[in-house]
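Please read them alongside the sequence and the coordinates.

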Amino acid sequence: MVFVASDFHGNKEAWEKLKQVLRQDDVCIILGDSCDRGDYGIEILCDIMNDPRFLYFMGNHDDWIPRHFRPDLVYNTERTSQWAKYCWLSNTDPSYQDWINLRASDPDTFNRLVSWLAECHVFMSVDVDGTIFRLAHARYPKVQDTHSLSMTWTEMEAHNPAELFNTVWSRYDDYMNTDDFTTPNAISLIGHTPVFDSSAEVEKGMLYNVDARLGYGHSDVRLFCLNDKQVY
């Protein structure tokens, strides 16, 4: 089975729950933001990086890591290394210091993580049993529908850095105006915007949000299964 989850934000309790229910032949796509807020972001990212059952997408919090530590890969003149550090410290300190400590204590793991994140996907379109799924952290970039079915962070930063920003940062409004977050004849899956457990808030037409507020002290993971289109 192929599952989708998102936004663990260093929540170890939620992460352990997910690992307990995944079988060896399952695949789990994580739509970003595993780091920060909680104390176990680096540990969760290491688990994902080293476990072939997982496929990771970049979230807006993940974006700060290669953007700050690999300025040689940054093309966006507004979203610079210093901008990333400012956002990081404004939102999630002391997580930033954890990465500085990791760089000093275990540079091999630090460099592997940063390089791996830079090559993680920003968006992807997949076909499962005849159903098209559009996957991204915050908003699937419609502009890419006729150009590319997937793109990594490094590729998108070089190709279209402004659209990369929209893909990991966009939110629908308080009135649930989600037109810009769906595409015809496809199911869109995102995280980023925390929602409650009510199915009315999880599903809006062809849009499913799997951000279960794990970054705000909740521990019940929301999983969407691509095979049966059910939320667990």
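Where does Phe181 lie?

1. Phe181 lies in the loop between H8 and E7; helices (H or I, at least four residues) and strands (E, at least two) are DSSP runs, numbered from the N terminus. This is a predicted model, in which local features need pLDDT of at least 70 and side-chain atom pairs count only at pLDDT 80 or more, while totals for chains, interfaces and linings use all residues. Residues are numbered from 1 along each chain as its sequence is written, and side-chain values use heavy atoms, with hydrogens and water left out.

2. Phe181 counts as buried, at 6% relative accessibility. Buried means under 20% relative accessible area, exposed over 50%, and partly exposed in between (1.4 Å probe, protein chains only). With neighbours within four places in sequence left aside, Phe181 is in contact with Ala138, Arg139, Ser170, Arg171, Tyr172, Ser188, Ile190 and Leu207, where contact means heavy atoms within 4.5 Å. The C-alpha atoms of Phe181 and Glu16 are separated by 30 Å, and the two residues are 165 apart along the chain.

3. The loop between H8 and strand E7 (187-190) also holds Asn185. Phi of Asn185 is near 60°, a positive value in a residue other than glycine. Asn185 is exposed, with a relative accessible area of 76%. As background, most residues other than glycine have a negative phi.

4. His192 likewise has a positive phi, near 75°, and is a residue other than glycine. His192 is placed in the loop between E7 and helix H9 (199-202). Is His192 buried or exposed? His192 is buried, with a relative accessible area of 4%.

5. Ser219 sits in the loop between strand E9 (207-209) and E10 and counts as buried at 16% relative accessibility. The side chain of Ser219 makes polar contacts with the side chains of Glu13 (3.4 Å) and Lys17 (3.3 Å). A polar contact is a pair of N or O atoms within 3.5 Å; within protein, one must be able to donate a hydrogen and the other to accept it, and residues adjacent in sequence count only if both atoms are side-chain atoms. Beyond its neighbours within four places in sequence, Ser219 is in contact with Asn11, Glu13, Ala14, Lys17 and Leu214.

6. An open sheet is formed by four strands in the order E3-E2-E1-E10, with mixed pairing. Strand E3 (54-56) and strand E10 (224-225) are the edge strands, each pairing on one side only. Two strands pair if DSSP finds at least two bridges between them. Strand E1 (residues 2-5) and strand E2 (residues 27-30) run parallel and are joined by four bridges; the bridge partner of Ala5 in E2 is Ile30.

7. The structure holds one cavity of 30 Å³ or more. A cavity is a set of points, on a 1 Å grid over the protein atoms alone, where a 1.4 Å probe fits but cannot get out; lining residues have an atom within 4 Å of a point. Grid points are joined across faces, edges and corners, and a volume is the space filled by probe spheres set on the points. The largest cavity contains about 30 Å³ of space.

8. The largest cavity is lined by Asp63, Arg67, Asn76, Arg79, Pro161, Leu164, Phe165 and Val168. Helix H3 (60-69) and helix H8 (161-169) are the elements that give two or more residues to this lining, and H8 gives the most, with four residues.

Conventions. On a 1 Å grid over the protein atoms alone, a cavity is a set of points where a 1.4 Å probe fits but cannot get out, and a pocket is an open set with protein on both sides within 12 Å along at least five of seven lines; lining residues have an atom within 4 Å of a point.
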